[in-house]
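Here is a short report on nonpolar packing and aromatic pairs. Keep the structure open while reading.

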Amino acid sequence: MASKTAGSTPPDDLTPQRQVVPKVNKVTSEDITASLRAGFSDFLARPFMSGFFGLFYTVFGLLFVWCLVWLGMIWMIIPAAVGFPLVAPFAAAGLYEMSRRLQREESFGWSDILAVMANQRKREMGWMAFVTLFIFWVWMYQVRLWLAIILQDASFSDFDGFLNTVFFTPQGWTFLAVGTCVGAFLSAVLFSVTVVAMPLLLDRETDFVTAMLTSIRVVTENPLVMLTWAAIISVTMLLSLVPAFLGLIFTLPILGHTTWHLYQRAVPPVEGHSVQASP
């Protein structure tokens, strides 16, 4: 008996879909300025919801530092505080979704945004989180490595002793110089692979490797502009750490919203491939 499916055409939804590689635009300093204005506008549109994400990030950072103190790892406080902003792109996922909906003039509440964030575990965002946290782990490990190599003969039993050793001894100056160079390299790598990768994964159905490669292309094709944006992020985030991380309550949301708008200027939409991020 002949099979009923013999010679039939496979359903369209079973046909393998070709991966669409996003195009990349040239961006200028005006794009950064316009994105900053749009990001600040998004923050003012929903200040309490935006501030919540900044507050959550701030509290987590304070708890992280407190754990280091509790564990007696006082020498890790400064590198942890400096490196902690490296994970900010992943923490800003909810802010990207807020900007996306505000731009489309869609109504939304807490449940809508949190549901979208929770839904990312089923998509490629989890892999980007792994990449981000892995680089942060490398950051922390290299600090311990240089501590052991450069400051092996130094002794410090408290935070003040650590500061005196680092800032007022030749070995400390060497440690700062090497650590700064290595840290700058790791920061550049993470910035390059995530600057538009996170919002891209939230906005479209694509794999995390394509998202990272697209992010790298945005940086390499717009080096001066993206270097400026990286400098703005770095200076703003570091200044926000000074008052016990409290500045992050405001700066993280604004930078997160701004990143969404800069992503849209750097990566043009593809008809039929942009998807709703909501579940």
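Is Phe 208 buried or exposed? The model is predicted. Phe 208 has 18% relative accessibility, so this residue counts as buried, the cut-off being under 20%. Trp 127 is partly exposed at 48% relative accessibility.

**Aromatic pairs**

The count comes to eight aromatic pairs. Trp 127 and Phe 208 form a stacked one. This pair links distant parts of the chain, with Trp 127 in helix α7 and Phe 208 in helix α11 (residues 208-221), 81 residues apart. Trp 137 and Tyr 141 are stacked too, because their planes are at 20° and the limit is under 30 degrees. Both residues lie in helix α7, four residues apart, or about one turn of the helix. Trp 137 and Tyr 141 also belong to one aromatic cluster with Phe 130 and Phe 134.

| Stacked pair | Centre to centre | Angle between planes |
|---|---|---|
| Trp 127 and Phe 208 | 5.6 Å | 15° |
| Trp 137 and Tyr 141 | 5.4 Å | 20° |

**Surface patch**

Trp 127, Phe 130, Phe 134, Trp 137, Tyr 141, Leu 145 and Ile 149 make up a nonpolar surface patch. Together they have about 810 Å² of accessible area. Ile 149 is in helix α7. Its relative accessible area is 45%, so Ile 149 is partly exposed.

**Core**

The largest nonpolar core holds 64 residues, and Met 226 and Trp 229 have the most contacts inside it. Helix α7 (residues 125-150) gives the most to this core, with ten residues. Leaving out residues up to four places away in sequence, Met 226 touches Val 27, Phe 191, Val 195, Val 218, Val 219 and Leu 262.

Note on methods:
Residues numbered from 1 in each chain as written. Predicted model: local features only at pLDDT ≥ 70, side-chain atom pairs only at ≥ 80, totals over all residues. Heavy atoms only, no water. Core = buried A, V, L, I, M, F, W, Y, C linked by side-chain atoms within 4.5 Å. Buried < 20%, exposed > 50% of the residue type's maximum accessible area, 1.4 Å probe, protein only. Helix = DSSP H or I, 4+ residues; strand = E, 2+ residues; numbered from the N terminus. Contact = heavy atoms within 4.5 Å. Patch = residues over 30% accessible without salt bridge, like charges linked within 9 Å, V, L, I, M, F, W, Y side chains within 5 Å. Areas by Shrake-Rupley, 256 points an atom, 1.4 Å probe, with all protein chains shown as cover. Salt bridge = Lys/Arg side-chain N within 4 Å of Asp/Glu carboxyl O. Phe/Tyr/Trp six-rings, centres within 6.5 Å; stacked < 30°, edge-to-face > 60°.
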